[in-house]
Amino acid sequence: MAKKRVAILISGRGSNMASLIAAAKDDGYPAQIALVLSNRPDAPGLVTAKSQGITTAVVDHTMYGKDREGFERALQDVLTAHRIELVCLAGFMRLLTPWFVGQWQGRMLNIHPALLPAFKGLHTHERALEAGVKTHGATVHFVSAEMDSGPIIAQVEVPVLPGDTADTLGARVLEAEHRIYPQALRQVAEGRA
Ligand code: GRF
């Protein structure tokens with residue numbers, strides 16, 4: 001079966017992007033990373049992607065001011081030009097309109113550093129510690145119009161340990177993210193999600 005052509009959308013560091021790139025190097029993996037696209041020209045993840053020989057592109061949201069749909073139409077043009085079939089959001093820090101989400105219904109994934117539906121939004125590790133949960137984790141889900149709310153594809157639990165800070169907990173969750181995202185993308189690319 002032909003490998004699915006995947007674009008990874010990033011805004012920053014790109015460690016989840018790197019884990020997807022590493023997984024996709026396997027001959028038996030059902031997806032290839034055809035593009036890494038950033039909304040920030042200075043995203044460190046772009047350097048990592050280039051060093052791995054991956055095609056990169058930038059659509060700088062600041063060029064579009066308040067015209068969110070203009071920004072998204074530019075994103076869509078780049079994705080279309082690269083014949084992208086699946087989109088993985090990986091630390092992509094822009095809210096998406098229903099129009100863009102609709103273009104990618106059932107074909108756009110996101111990773112969130114919490115066990116959704118708990119702790120949607122930002123600062124999930126701080127909020128998990130404040131809430132006193134014993135188990136935290138990460139979720140890969142399909143993107144729907146409402147933030148951090150689409151159908152769940154995969155989750156991984158991570159224990160909260162005595163003395164954890166947001167940093168130590170976040171590092172433990174991030175390791176789990178790096179395992180779960182390639183597994184979830186595999187499921188989707190194989191049509192098993
Ligand atoms: C990850 O924690 C991811 O779950 C969240 O943003 C962070 C991105 O980190 N959506 P990285 O850029 O993948 O290293």
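This is a predicted model: local features need pLDDT of at least 70, side-chain atom pairs count only at pLDDT 80 or more; totals for chains, interfaces and linings use all residues.
1. The model has an open sheet of 7 strands. The order is β3-β2-β1-β4-β5-β6-β7, and the pairing is mixed. β3 and β7 (152–159) stand at the edges. Each of these two has a single partner strand, so one side of each lacks a neighbour in the sheet. From one strand to the next, the twist averages 20°.

2. **Strand β2.** This strand covers residues 31–38. Is β2 mostly covered or mostly open? It is mostly covered, with 7 of its 8 residues buried. In the strand order, β2 sits between β3 and β1. The next two points take these pairings in turn.

3. **β1 with β2.** Strand β1 spans residues 4–10. It runs parallel to β2, and 7 bridges join the two. Within this pairing, Lys4 stands opposite Ala31 of β2.

4. **β2 with β3.** Strand β3 is residues 56–58. Its pairing with β2 is also parallel, over 3 bridges. Leu37 stands opposite Ala57 in β3. Ser38 has Val58 of β3 as its bridge partner.

5. **α1 against α2.** How are these two helices oriented? Their packing angle is about 15°, and their axes are 9 Å apart. An angle under 35 degrees counts as roughly parallel, and α1 and α2 are therefore roughly parallel to each other. Their crossing is right-handed. On the α1 side, the contact is made by Met17, Ala18 and Ile21. On the α2 side, Gly45, Thr48 and Ala49 make it.

6. **α5 against α6.** Helix α5 covers residues 124–131. It packs with α6 at an angle of about 115°, with the axes 9 Å apart. The range for roughly perpendicular is 65 to 115 degrees. α5 and α6 are therefore roughly perpendicular to each other. The crossing of α5 past α6 is right-handed. From α5, the residues involved are His125, Glu126, Ala128 and Leu129. They meet Ala166, Leu169, Gly170 and Val173 in α6.

7. **Arg192.** Where does this residue lie? Arg192 is in the segment after α6 (166–189). Leaving out residues up to four places away in sequence, Arg192 touches Arg186 and Gln187. Arg192 and Val47 are 145 residues apart in sequence. In space they are 32 Å apart, C-alpha to C-alpha.

Notes:
Residues are numbered from 1 along each chain as its sequence is written. Side-chain values use heavy atoms; hydrogens and water are left out. Buried means under 20% relative accessible area, exposed over 50%, partly exposed in between (1.4 Å probe, protein chains only). Helices (H or I, at least four residues) and strands (E, at least two) are DSSP runs, numbered from the N terminus. Two strands pair if DSSP finds at least two bridges between them. Axes are lines fitted to C-alpha atoms, for helices over the stretch in contact, and angles run from 0 to 180 degrees between N-to-C directions. Angles under 35 degrees count as roughly parallel, over 145 as roughly antiparallel, 65 to 115 as roughly perpendicular and the rest as oblique. A crossing is left-handed if the near helix is turned anticlockwise from the far one by less than a right angle, and right-handed if clockwise. Contact means heavy atoms within 4.5 Å.
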